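I opened the model to look up some charged side chains. My notes follow.

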Amino acid sequence: MSALTNYQTILGNDGKPAFVVLPYADFVKLPGVVRPGMIPNAVVGKRIMDGVSMLQAWREYLMLTQTDMAERMGISQSGYAQIEAAKRPRKATLQKAADALGITLEQLAY
């Protein structure tokens with residue numbers, strides 16, 4: 001018996017799976033996937049209920065560490081921690097963080 005699959009696996013030159021193509025409707029249901037303009041309920045809930053910054057809420061939602069974010073932004077982990085803890089980070093800094101998260105500035109500046 002074979003399971004019905006709604007995706008296609010593309011093999012690399014080495015014959016091993018390299019990519020998966022799936023319908024967009026299935027893709028957006030995956031955990032950690034963010035549609036353009038969307039702010040997931042889990043992010044807003046963490047911001048309101050736990051009182052963390054939107055930057056921290058997004059980072060945790062996307063299952064990234066502070067070290068991951070620092071590497072993506074080209075800064076040190078301690079430098080990133082200061083940004084995340086800041087009451088009012090600069091707009092340019094927030095834009096760089098949004099880019100590192102793969103979201104828009106508007107999604108980050110709730």
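I started with lysine 46 and glutamate 60, whose side chains form a salt bridge at 3.2 Å, N to O (a salt bridge being a side-chain nitrogen of Lys or Arg within 4 Å of a carboxyl oxygen of Asp or Glu). The pair links distant parts of the chain, with lysine 46 in helix α2 and glutamate 60 in helix α3, 14 residues apart. Helices here are DSSP runs (H or I, at least four residues), numbered from the N terminus.

This is a predicted model, where local features need pLDDT of at least 70, side-chain atom pairs count only at pLDDT 80 or more, and totals for chains, interfaces and linings use all residues. Residues are numbered from 1 along each chain as its sequence is written, and side-chain values use heavy atoms, with hydrogens and water left out.

Next I checked accessibility (buried is under 20% relative accessible area, exposed over 50%, partly exposed in between; 1.4 Å probe, protein chains only). Lysine 46 is partly exposed at 24%, and glutamate 60 is partly exposed at 29%.

Which residue else does lysine 46 meet in a salt bridge? I found aspartate 50, at 2.9 Å, N to O. Aspartate 50 is partly exposed, at 48%.

Then I looked at glutamate 84 and arginine 59, which form a salt bridge with the closest N and O atoms 2.7 Å apart. Glutamate 84 sits in helix α5 and arginine 59 in helix α3, so this pair ties together parts 25 residues apart in sequence. Both residues, glutamate 84 and arginine 59, are buried.

Terms used: Helices (H or I, at least four residues) and strands (E, at least two) are DSSP runs, numbered from the N terminus.
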